[in-house]
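Morning, everyone. Please take a look at the model on the screen, and I'll walk you through it.

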Amino acid sequence: RERGPRMHPDMLELYEVTDHVLGVGTFATVKEIKLKSTGKSYALKIILKKSLQGKGTMLNTEISILSKVRHPNCVSLLELFETEDAVYLVTDLAEGGELFDQLLKKGSYTEGDAARLVREMLLGVEYLHEMDIVHRDLKPENLLFMDKTDNARLMITDFGLSKVLTSGNDVLMTACGTPGYVAPEVLEQIGHGKPVDIWSVGVIAYTLLCGYTPFWGEDQASLFECIISGEYEYEEEYWKDISGLAKAFIDSLLVRPAEKRPTATQALNHPWFRAMLEQDMVTP
Ligand code: ADP
Ligand code: MG
């Protein structure tokens, strides 16, 4: 029955590992586990060491940084176990699932809802950037809802590790074939700093509002070309009811030279958020 890597004995003493697979990512399988002493559920992220390709030391450095991350919009790393074959990360459980799945279900979000989600995303990014952590792989698959309610908090997952688990071109190859959220300077291999995440937030904001990504191509090569060109449109059919402020916000993030993009803090000060908040207060 035991097909995965052999679990750490201390972990098995403390936690019951369930068969419930919460998700499968690029490098990890994530399962629900229960702390035996309290019955409370957590997520267990299992990373096979063979996928690290000799970068185990880097992983340890990253993990020591990740274990310091404590923010309402970031999934916290609570405990770590290691065996010969695998690394096991115990994190908060995000019961609401991926933003990706919610978006598929809904088609798109109202401006008010999108603004709330983008704001929470940016609060998490702001915090990570303050800690000098660049996510590099922000996309709706890596944004998880805390619970299944309508106003569930959004949490960023999978940060930091992308730096260890991927290098250069790997980012592109491993991004499930459609790296539509990646910044142009990553594709051109000329940059991977904090502005990379701001670009991705811009792509996500666009996608939440209309239900499709701004950059598109028949194949990966033409998608890359499209991203590098930096050109996108607001098709009348889908965007006619969306405010100019929302478009101005997206335009301010999807700027080609990375230095011209706002910081997360600056982006949070965009008038779009204030306008949405005020609207929320007048409409029941
Ligand atoms: P990878 O580095 O392999 O991409 P992720 O951390 O993104 O791994 O996890 C893969 C998937 O597992 C996520 O997209 C999500 O569906 C699920 N998942 C990850 N962490 C959690 C969590 N804390 N709570 C619930 N589901 C999770
Ligand atoms: Mg992931």
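First, a term: two strands pair if DSSP finds at least two bridges between them. Helices (H or I, at least four residues) and strands (E, at least two) are DSSP runs, numbered from the N terminus. With that in hand, look at β3 and β5. Strand β5 covers residues 86-91, and six bridges join it to β3 in an antiparallel run. One bridge to remember: K45 has L89 in β5 as its partner.

Some ground rules. This is a predicted model, where local features need pLDDT of at least 70, side-chain atom pairs count only at pLDDT 80 or more, and totals for chains, interfaces and linings use all residues. Residues are numbered from 1 along each chain as its sequence is written, chains are lettered from A and ligands numbered from 1 in the order in which they are written, and side-chain values use heavy atoms, with hydrogens and water left out.

Back to the sheet. In what order do its strands come? The sheet is open, five strands in the order β1-β2-β3-β5-β4, with antiparallel pairing. β1 and β4 (77-82) stand at the edges with a single partner strand each, so one side of each has no neighbour in the sheet.

Now ligand 1. A residue is near it if one of its heavy atoms lies within 4 Å. There are 20 residues around ligand 1, and F27, K45, D92, E98 and D158 come nearest. Polar contacts are pairs of N or O atoms within 3.5 Å. E98 brings a side-chain N or O atom to 2.5 Å from a ligand oxygen. E141 uses its backbone: an N or O atom there lies 3.0 Å from an oxygen of ligand 1. Taken alone, ligand 1 exposes 540 Å², and the protein buries 96% of that (Shrake-Rupley method, 1.4 Å probe).

Which elements give two or more residues to this shell? They are β1 (15-24), β2 (28-35) and β3 (41-48). β1 gives the most, with three residues.

Last stop, backbone angles. Most residues other than glycine have a negative phi. R136 is not a glycine, yet its phi is positive, about 75°. R136 sits in the loop between α4 (111-130) and β7 (143-145). Is R136 buried or exposed? Buried, at 14% relative accessible area; the cut-offs are under 20% for buried, over 50% for exposed and partly exposed in between (1.4 Å probe, protein chains only).

Note on methods:
A polar contact is a pair of N or O atoms within 3.5 Å; within protein, one must be able to donate a hydrogen and the other to accept it, and residues adjacent in sequence count only if both atoms are side-chain atoms.
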